[in-house]
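Try each task yourself before you read the solution.

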Amino acid sequence: MCEELLNYCGVGANLISHVADLNPHKQNTLLPGSRIPVIAPTEIAKFKPDYILILPWNLKDEISSSLSYVSDWGCKFVIPVPTTEVIS
(Lines give C-alpha, C1' and ligand atoms only; values in the text may rest on other atoms or scores of the structure.)
Protein backbone atom coordinates (compact mmCIF):
# COMPACT_ATOMS: atom_id res chain seq x y z
CA MET A 1 0.00 0.00 0.00
CA CYS A 2 2.75 2.47 0.89
CA GLU A 3 4.65 1.80 -2.35
CA GLU A 4 1.49 2.41 -4.34
CA LEU A 5 0.91 5.77 -2.63
CA LEU A 6 4.46 6.91 -3.36
CA ASN A 7 4.19 5.79 -6.99
CA TYR A 8 0.77 7.41 -7.43
CA CYS A 9 2.11 10.70 -6.09
CA GLY A 10 5.27 10.51 -8.22
CA VAL A 11 7.58 10.36 -5.22
CA GLY A 12 10.94 8.81 -5.98
CA ALA A 13 14.51 8.67 -4.76
CA ASN A 14 14.89 12.34 -5.74
CA LEU A 15 12.54 13.25 -2.84
CA ILE A 16 13.00 10.40 -0.35
CA SER A 17 16.52 9.05 0.10
CA HIS A 18 15.64 5.82 1.92
CA VAL A 19 12.78 3.71 3.24
CA ALA A 20 13.23 1.71 6.43
CA ASP A 21 11.58 -1.68 6.88
CA LEU A 22 11.89 -4.27 9.66
CA ASN A 23 11.47 -7.12 7.17
CA PRO A 24 15.00 -8.39 6.39
CA HIS A 25 13.79 -9.73 3.02
CA LYS A 26 12.98 -6.18 1.88
CA GLN A 27 16.21 -4.61 3.12
CA ASN A 28 18.96 -3.93 0.56
CA THR A 29 16.38 -3.83 -2.25
CA LEU A 30 14.64 -1.02 -4.12
CA LEU A 31 10.95 -0.16 -3.87
CA PRO A 32 9.12 -1.10 -7.08
CA GLY A 33 8.53 1.88 -9.35
CA SER A 34 10.11 4.59 -7.23
CA ARG A 35 13.42 2.73 -6.85
CA ILE A 36 13.94 4.11 -3.34
CA PRO A 37 16.53 2.03 -1.43
CA VAL A 38 15.20 0.02 1.52
CA ILE A 39 17.33 -0.04 4.67
CA ALA A 40 17.04 -1.53 8.14
CA PRO A 41 15.60 0.84 10.76
CA THR A 42 18.89 0.58 12.66
CA GLU A 43 20.59 2.40 9.77
CA ILE A 44 18.49 5.57 10.19
CA ALA A 45 21.04 6.96 12.67
CA LYS A 46 23.71 6.91 9.92
CA PHE A 47 21.72 9.36 7.81
CA LYS A 48 20.30 11.57 10.60
CA PRO A 49 17.28 12.78 8.60
CA ASP A 50 15.42 15.98 9.51
CA TYR A 51 12.07 14.25 8.91
CA ILE A 52 10.81 10.68 8.89
CA LEU A 53 7.67 10.05 6.86
CA ILE A 54 5.41 7.44 8.47
CA LEU A 55 3.03 6.11 5.83
CA PRO A 56 1.34 3.33 7.84
CA TRP A 57 -0.54 5.89 9.98
CA ASN A 58 -2.13 3.16 12.08
CA LEU A 59 1.36 2.22 13.35
CA LYS A 60 2.53 5.79 14.05
CA ASP A 61 2.68 5.31 17.85
CA GLU A 62 4.65 2.07 17.59
CA ILE A 63 7.05 3.44 14.97
CA SER A 64 7.65 6.81 16.63
CA SER A 65 8.22 5.07 19.97
CA SER A 66 10.75 2.62 18.52
CA LEU A 67 12.58 5.52 16.83
CA SER A 68 12.38 7.96 19.74
CA TYR A 69 16.19 8.37 19.69
CA VAL A 70 15.92 10.46 16.49
CA SER A 71 14.81 13.41 18.60
CA ASP A 72 18.47 13.62 19.74
CA TRP A 73 19.27 15.41 16.47
CA GLY A 74 15.91 17.19 16.13
CA CYS A 75 14.26 14.83 13.67
CA LYS A 76 10.47 15.06 13.36
CA PHE A 77 7.88 12.52 12.24
CA VAL A 78 5.46 13.39 9.44
CA ILE A 79 2.24 11.41 9.14
CA PRO A 80 0.39 12.44 5.94
CA VAL A 81 -2.67 10.18 6.25
CA PRO A 82 -5.52 10.51 7.19
CA THR A 83 -4.63 14.13 8.00
CA THR A 84 -1.18 15.70 7.87
CA GLU A 85 0.50 15.70 11.26
CA VAL A 86 4.06 16.59 12.34
CA ILE A 87 5.30 15.12 15.62
CA SER A 88 8.46 16.31 17.38
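Helices are DSSP runs of H or I with at least four residues, and strands are runs of E with at least two, both numbered from the N terminus. With that in hand, note that the model is a predicted one.

**Exercise 1. Find the helix that holds serine 64, decide whether this residue is buried or exposed, and list its contacts.**

Step 1. Serine 64 sits in helix α3, which spans residues 60-66.

Step 2. Its relative accessible area is 16%. Buried means under 20%, so serine 64 is buried.

Step 3. Leaving aside residues up to four places away in sequence, serine 64 touches Ile54 and Phe77.

**Exercise 2. Work out the strand order of the open sheet, and state which strands are at the edges.**

Step 1. The open sheet has 3 strands in the order β3-β4-β5, and the pairing is mixed.

Step 2. β3 (51-53) and β5 (85-87) are the edge strands, as each pairs on one side only.

Step 3. From one strand to the next, the twist averages 25°.

Step 4. Now look at how β3 meets β4. Strands of a sheet pair through backbone hydrogen bonds, either parallel or antiparallel. β3 and β4 (residues 76-79) run parallel and are joined by 3 bridges.

**Exercise 3. Classify the aromatic pair of tyrosine 69 and tryptophan 73.**

Step 1. The structure holds 1 aromatic pair.

Step 2. The ring centres of tyrosine 69 and tryptophan 73 are 6.0 Å apart, and the ring planes stand at 65°.

Step 3. Planes over 60 degrees apart count as edge-to-face, so this pair is edge-to-face.

Step 4. Tyrosine 69 has a relative accessible area of 29% and is therefore partly exposed. Tryptophan 73, at 23%, is partly exposed too.

**Exercise 4. How many salt bridges are there, and which pair links distant parts of the chain?**

Step 1. Side chains of opposite charge can pair when their charged atoms come close. The count here is 3 salt bridges.

Step 2. Lysine 26 pairs with aspartate 21 at 3.8 Å, N to O. Lysine 26 is partly exposed, at 36% relative accessibility.

Step 3. Glutamate 43 pairs with lysine 46, with their closest N and O atoms 3.8 Å apart. Lysine 46 is exposed, having a relative accessible area of 65%.

Step 4. Glutamate 85 and lysine 60 meet at 2.9 Å, N to O. This is a pair that links distant parts of the chain: glutamate 85 belongs to strand β5 and lysine 60 to helix α3, 25 residues apart. Glutamate 85 is partly exposed at 30%, and lysine 60 is partly exposed at 21%.

**Exercise 5. Compare glutamine 27, asparagine 28 and arginine 35 in the loop between β1 and β2.**

Step 1. Glutamine 27 lies in the loop between β1 (19-20) and β2 (38-39). At 18% relative accessibility, glutamine 27 counts as buried, and its contacts beyond four places in sequence are Asp21, Leu22, Val38, Ile39, Ala40 and Pro41.

Step 2. Asparagine 28 lies in the loop between β1 and β2 but is exposed, at 70% relative accessibility. Although not a glycine, asparagine 28 has a positive phi of about 65°.

Step 3. Arginine 35, also placed between β1 and β2, has a positive phi near 60°. Arginine 35 is exposed, with a relative accessible area of 54%.

**Exercise 6. Is the peptide bond from valine 81 to proline 82 cis or trans, and where is proline 82 placed?**

Step 1. Omega is near 0°, and the bond is cis.

Step 2. Proline 82 is in the loop between β4 and β5.

Notes: Residues numbered from 1 in each chain as written. Predicted model: local features only at pLDDT ≥ 70, side-chain atom pairs only at ≥ 80, totals over all residues. Heavy atoms only, no water. Pairing = 2+ DSSP bridges. Axes fitted to C-alpha atoms, helices over the stretch in contact; angles between N-to-C directions. Buried < 20%, exposed > 50% of the residue type's maximum accessible area, 1.4 Å probe, protein only. Contact = heavy atoms within 4.5 Å. Phe/Tyr/Trp six-rings, centres within 6.5 Å; stacked < 30°, edge-to-face > 60°. Salt bridge = Lys/Arg side-chain N within 4 Å of Asp/Glu carboxyl O.
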